[in-house]
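Here's a quick briefing to read alongside the model. Have the viewer open and follow the residue numbers as you go.

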Amino acid sequence: MKIDDIHEFIDYYIKIKKRTQRLFDYIPDDKLEWTYREGAFTIGDQIRHLANIERFMYAETVQRKKSKYAVCGITYATGLSNVIDYYNRKRFESLQIFESLSNEDLFKKCTTPANIDITIWKWLRAMVEHEVHHRAQLYMYLSLLEIKTPPLFGLSSEEVSMKSEK
């Protein structure tokens, strides 16, 4: 996918973010800092990480600045409603930065934290892939907790199979 229109990209990315955010309604308050093993991100870490990496790495680097990403621990927000508020604030800040980009900016280079020069539109595409990766992890975490989650696009795989021609 080539990104050559920043407004079309932002519309698309907002839809991607909404699919992730739908999962937040399924997280029990008492499981926010749960993890499947010691040292792995908790559910709260996943959400704080998405907020921080988008704002402090992707949004900084597309402005052709250095990444400011540090960590994603509870020092940023605790409690489900506070974590979601934090996520929303950082998402809003990031979107303001992305909206300041022109279509021409998409074809300029930025430098990743690995000191690799990459075209901005490709870096934004990587940001989408990163979001989807962590959304999948949230689905898995909730599955491990035996919490039923909404189908991504309206039907579960079982429902698609039932409705498919055989």
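Helix H2 meets helix H4 through Ile43, Gln46, His49, Leu50, Ile53, Glu54, Met57, Tyr58 and Thr61 on the H2 side, with contact meaning heavy atoms within 4.5 Å. On the H4 side, the partners are Trp123, Ala126, Met127, His130, Glu131, His134, Gln137, Leu138, Tyr141 and Leu142. It's a predicted model, so local features need pLDDT of at least 70 and side-chain atom pairs count only at pLDDT 80 or more, while totals for chains, interfaces and linings use all residues. Residues are numbered from 1 along each chain as its sequence is written, and side-chain values use heavy atoms, with hydrogens and water left out.

**How the two helices pack**
- The axes of H2 and H4 (residues 120-144) come within 10 Å and cross at roughly 175°; axes here are lines fitted to C-alpha atoms over the stretch in contact, with angles running from 0 to 180 degrees between N-to-C directions.
- That makes H2 and H4 roughly antiparallel, a label for angles over 145 degrees.
- Helices are DSSP runs of H or I with at least four residues, strands are E runs of at least two, and both are numbered from the N terminus.

**Met57, on the H2 side**
- Met57 sits in helix H2 and is buried at 10% relative accessible area, where buried means under 20%, exposed over 50% and partly exposed in between (1.4 Å probe, protein chains only).
- Beyond its neighbours within four places in sequence, Met57 touches Asn52, Ser67, Tyr69, Pro113 and Trp123.
- From Met57 to Glu158 it's 101 residues in sequence and 38 Å in space, C-alpha to C-alpha.

**Two buried threonines**
- Thr112 lies in the loop between strand S1 (109-111) and S2, and is buried at 10% relative accessible area.
- Outside four places in sequence, Thr112 is in contact with Ile118 and Trp123.
- Thr119 is in strand S2 (residues 117-119) and is also buried, at 10% relative accessibility.

**A nonpolar patch on the surface**
- Tyr36, Met140 and Leu144 form a nonpolar surface patch with about 320 Å² of accessible area together, by the Shrake-Rupley method with a 1.4 Å probe and only the protein chains shown counting as cover.
- Patch members have over 30% relative accessible area and no salt bridge, with nonpolar side chains (Val, Leu, Ile, Met, Phe, Trp, Tyr) joined within 5 Å and like charges within 9 Å.
- A salt bridge is a side-chain nitrogen of Lys or Arg within 4 Å of a carboxyl oxygen of Asp or Glu.
- Tyr36 is in the loop between H1 (6-21) and H2 (43-61), and counts as partly exposed at 43% relative accessibility.

Terms used:
Angles under 35 degrees count as roughly parallel, over 145 as roughly antiparallel, 65 to 115 as roughly perpendicular and the rest as oblique.
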